[in-house]
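Please look over the sequence and the model shown here. A short report on the fold and its contacts follows.

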Amino acid sequence: MNLKIGIVGLPNVGKSTLFNALTNAGALAANYPFATIEPNVGIVPVPDERLDVLAKIYETDKIVPATVEFVDIAGLVAGASKGEGLGNKFLAHIRECQAICHVVRAFKSSDIVRADNKPEDDILKQAKDDIDIINLELQLADEETKQKVESKRKKDSNDENIHYLTEKPVIYMFNVDENGLTDKDFQEKLKDLVKPNETIFVNAKLEEEMADMNRNERKEFLESYGVSEDALGELIKTTYKTLGLQSFLTAGKKEVRAWTIQKGATAPEAAGTIHTDFQKGFIAAQICNYDDLKNLGSEKAVKEAGKLRTEGKTYIMQDGDVAEFRFNI
């Protein structure tokens, strides 16, 4: 599965800074509107410590994580759907994404101007206003699309599967100051603005500072601010939860690898993510639980303990299943 997340937000909310931190791709981040003209794209490995454990068990150096593609959409403004700012150039890029990450400014700064140049007084009110602007622009864009589709259907009755922007799940990422990372009362007030959507709280500048740190350094750095996980980990975890996704694993001497599938996927469907022929010619799946493999230390020990199973076509895959598929082409 090619997971793609579109990152949207008004200018100067920290969107491109966060994109840089998420992907370490060096996208232009500047203190003026429309610093992002074309969408920046970064493909990032999904953090999964299970792969390191499996690599040691199977004695392989090749680790292939699942990936997520981030698309940094150019800053939107009020009237974008009617051509203001960069107009609706961003729409096609959002339509290709399974989920939208809406970055919202929730901090005060005399150094970074607001896109509307208004004085910063009430963070909560301005955050709500900014959210409403983006939501309205997406609604207006969908209305325009509906009109075009209806007009086209009058000429051609073939039904089209249109992915409307407002139907996509939205995860709200509030860019807060350092105090906001641990201020639970403030976070609850921000959550109330967007319920029932999922929310994440990050500090873009801290995330940027961690770009060149290794995993242990990042963990220690975040813990010093009272935070347990970085923006990448939070966003991917929240996106998986929102979209109903999970991972299964394959392992051997050649490589260990993670694959993204929908929750509820059957063994043949999981096999099909590796290759369509695997699904067509599916015979059975040899399955063991990751925790059993980790605790017992080898596939041989798992088998001897009676924890290696053979599953058929109706088996529903579970997160962390380590699978080997048997098929006939």
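Contact means heavy atoms within 4.5 Å. Helices (H or I, at least four residues) and strands (E, at least two) are DSSP runs, numbered from the N terminus. This is a predicted model, in which local features need pLDDT of at least 70 and side-chain atom pairs count only at pLDDT 80 or more, while totals for chains, interfaces and linings use all residues. Residues are numbered from 1 along each chain as its sequence is written, and side-chain values use heavy atoms, with hydrogens and water left out.

**The sheet**

Six strands form an open sheet with mixed pairing, in the order S2-S4-S1-S5-S6-S7. Two strands pair if DSSP finds at least two bridges between them. The edge strands are S2 (40–45) and S7, each pairing on one side only. From one strand to the next, the twist averages 25°. Axes here are lines fitted to C-alpha atoms, for helices over the stretch in contact, and angles run from 0 to 180 degrees between N-to-C directions.

S2 pairs with S4 (residues 67–72) in the antiparallel sense, over six bridges. Valine 44 has valine 68 in S4 as its bridge partner. Helix H4 packs on the sheet and touches S1 (3–8), S5 and S6. The direction of H4 makes about 150° with that of S5.

S5 has parallel pairing with two strands. With S1 there are four bridges, and the partner of valine 8 in S5 is histidine 102. With S6 there are seven bridges, and isoleucine 100 has valine 170 in S6 as its partner.

How many residues of S5 are buried? Eight of the eight are, so S5 is largely enclosed by the rest of the structure. Buried means under 20% relative accessible area, exposed over 50%, and partly exposed in between (1.4 Å probe, protein chains only). Both faces of the strand are covered. Ala99, Cys101, Val103 and Arg105 are buried on one side, and Ile100, His102, Val104 and Ala106 on the other.

Valine 13 sits in the loop between S1 and helix H1 (15–23). Valine 13 is buried, with a relative accessible area of 3%. Apart from neighbours within four places in sequence, valine 13 is in contact with Val103, Arg105, Phe107 and Asn175. Phenylalanine 107 is 94 residues away along the chain, yet the two C-alpha atoms are separated by 9.0 Å.

**Helix H5**

In H5 (residues 184–194), the buried residues are Phe186, Gln187, Leu190 and Val194. Seen down the axis of H5, these fall within an arc of 95°, so they line one face of the helix. The arc is that of the directions from the helix axis to the C-beta atoms. An α-helix has 3.6 residues a turn, so residues three or four places apart point the same way.

What do the buried residues of H5 pack against? They meet strand S5 (99–106), helix H4 (123–155), strand S6 (170–176) and strand S7 (199–202). Lys184 and Asp185, on the other side of H5, are exposed. At the start of H5, a side-chain oxygen of aspartate 183 comes to within 3.3 Å of the backbone nitrogen of aspartate 185.

**Salt bridges**

Side chains of opposite charge can pair when their charged atoms come close. A salt bridge is a side-chain nitrogen of Lys or Arg within 4 Å of a carboxyl oxygen of Asp or Glu. The whole structure has 22 salt bridges.

| Pair | N to O distance |
|---|---|
| Aspartate 319 and arginine 50 | 3.4 Å |
| Arginine 95 and aspartate 142 | 4.0 Å |
| Glutamate 208 and lysine 205 | 2.9 Å |

Aspartate 319 and arginine 50 meet in a salt bridge. This pair links distant parts of the chain, 269 residues apart. Aspartate 319 is in the loop between strand S11 (309–311) and strand S12 (321–327), and arginine 50 is in helix H2 (residues 49–57). Aspartate 319 is partly exposed at 43% relative accessibility, whereas arginine 50 is buried at 17%.

Arginine 95 forms a salt bridge with aspartate 142. Arginine 95 lies in helix H3 (residues 91–95) and aspartate 142 in H4, so the pair ties together parts 47 residues apart in sequence. Arginine 95 is partly exposed at 24%; aspartate 142 is buried at 3%.

Glutamate 208 and lysine 205 are three residues apart in helix H6 (residues 204–209), separated by about one helical turn. Glutamate 208 is partly exposed, at 31% relative accessibility. Elsewhere, salt bridges that share partners join Lys4, Glu69 and Glu96 into one network.

Technical notes. Polar contact = N/O pair within 3.5 Å; in protein donor to acceptor, adjacent residues only side chain to side chain.
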